[in-house]
Amino acid sequence: MAEILVLVEHIDGEVKKVTLELLTLARSLGSASAVWAGPGYSESARARLAEYGADKIYVAGSEEIVDYVVAPKAELLAQLVASASPAAVLVAATAEGKEVAGRLAIKTDSGVITDAVGLGDGFVAEQSIFGGGVNVRARAVKGTPIVAVRPNSTAPEASAGAGAEEQVTVALSDAAKGARVVERVKQEKGARPELTEAAIVVSGGRGVGSAENFAVIEKLADALGAAVGASRAATDAGWYPHQFQVGQTGKTVSPQLYIAAGISGAIQHRAGMQTAKTIIAINKDSEAPIFELADFGVVGDLHQIVPQLTEEVEKRK
Amino acid sequence: MNIVVCVKQVPDTATERKLNAKDNTLDRDAADGVINELCEYAVEEALKIKEAHGGEVTVLTMGPGKATDTIRKALAMGADKAVHLVDDALHGSDALSTSYALAQTLRKIGFDLVVLGSESTDARTGVLAAMLAERLGVPQLTLAGKVDIDGSAIAIQRVTDYGFDKVEASLPAVVSVVEKINEPRYPSFKGIMAAKKKPVETLGIADAEIEAAQVGLGGAWSEVVEFAVAPPRAAGTIVKDEGDGGSKAAEFLASKKFI
């Protein structure tokens, strides 16, 4: 079976959920090979990757790979593309994952597809563009298809792979060492899942009314084990930090469940969440465009509805 | 310092955006063209760097004739001059082709610093700055929430999921900026008038030594196989809160096995 490389996303030695999704997807199209870049690899990581179907695991554990911005990961993958001749390379469509894909495409003279929400025979990718208004099927026509797949595009399913480990060394070029990471600054994020990866996202908008009132949104998110998002109106007003903005100029999320509270649903916002599987809207304006997207909507005051919903969720746990 | 800021004209997101069924490319006539929002942050950052360190800001755009509106906007904000890469052969270029064409042009016009927005609101690939760094063999300083320059040393805060990375490099380099790195200025009346007199150099692909085989629909590394307007989502259930709206939402969540 044709080998498909999957670049592993990991933090503090833990394999991220999106990688399990990509392994599941790779398995449906060929034989999945995981590529671990940077330090932190361990037996438990190996077991996790094998559990989700990695037949092979390439490990390039050198610290140097993460000491410089993006380019070393692209060089590592390019080296593997040359030596293993895979049928395709999959990366997570995170901001950095897409940059890796872009540089890899140039190095290997290959086509690249970004933000795929599905991938089928012939590596034809599905994309949702223009704020969800148009569905596109696209593919690479030169080289090795390189596809950046959005988190939550596939449900991860365990199915044991051989998990054969292969150590890889990569001699970085000088060009790859141009931008050195001198410090990583971790800002408090608490126990909540990462916004772009979360299966459930609860977002607040203008209707929330103040920074203090975002506690209402956070409580519901915590009851559901969800990430918190915000509309641009809310981040522009300074009620919630900008990195949590969901929308055209912020993060794009594609969760199983998206709850929009006090968000009208302008294109700016819809572009960031329209591919969510199930959408719940809570807004006091019955004419708000968000209701056109909603699988379930409640017209009313979020300050009454959201706490009641939180209480019900807690009760049913 | 020779600063080049790359800008892109995109269809206004407030209007209905379409693909052209003839060749599956963006229908640029269907909607009004405006400057890509994140490019305004790039122009502002370029101007701030010039104001602090001296030099010149050149606007570079690749796009059809009507993209001159976007060039004028950037010039009205305060950029000094512009280069417009315009050629029918470029129509249908994908990110790889576009990065190739822009890299060739940048080599020709020269640069110490290239500044871009982190993505466009139409294609949204978010890969162009990284691709330019790769093609030009210069440091990639992308997703910057802050840029500091000291002589030939440049440092940025690269926005990440967990916070940010402090990244250091030497010029020349490619920088991309995220939203909110600054507050883009509005062009003044004086700026708008002055922009009309600023030089705009028009280059075709031969002028920039761009090979026709590597650009346009024929040269692209990827293709749109087909597209369709997304079917509207099935109409949902909308209820009015009668004091039990939260409970009803919970019942819906339970029916979908979320709780």
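In which order do the 6 strands of the open sheet stand, and is the pairing parallel or antiparallel? The order is β15(A)-β14(A)-β16(A)-β17(A)-β18(A)-β15(B), and the pairing is parallel.

This is a predicted model, in which local features need pLDDT of at least 70, side-chain atom pairs count only at pLDDT 80 or more, and totals for chains, interfaces and linings use all residues. Residues are numbered from 1 along each chain as its sequence is written, chains are lettered from A in the order in which they are written, and side-chain values use heavy atoms, without hydrogens and water.

View 1. Strands are DSSP runs (E, at least two residues); two of them pair if DSSP finds at least two bridges between them.

**View 2. Strands β16 and β17 of chain A.** β16 (residues 257-261) and β17 (residues 278-283) of chain A run parallel and are joined by 5 bridges. I259(A) stands opposite I280(A) in β17(A).

**View 3. Helices on the sheet.** Helix α10 (residues 302-316) of chain A lies across β16, β17 and β18 (296-299) of chain A, at about 135 degrees to β17(A). Helix α7 (residues 245-255) of chain B touches β16, β17 and β18 of chain A together with β15 of chain B, and its direction makes about 175 degrees with that of β18(A). Helices are DSSP runs (H or I, at least four residues); contact means heavy atoms within 4.5 Å; angles run from 0 to 180 degrees between N-to-C directions, with axes fitted to C-alpha atoms, for helices over the stretch in contact.
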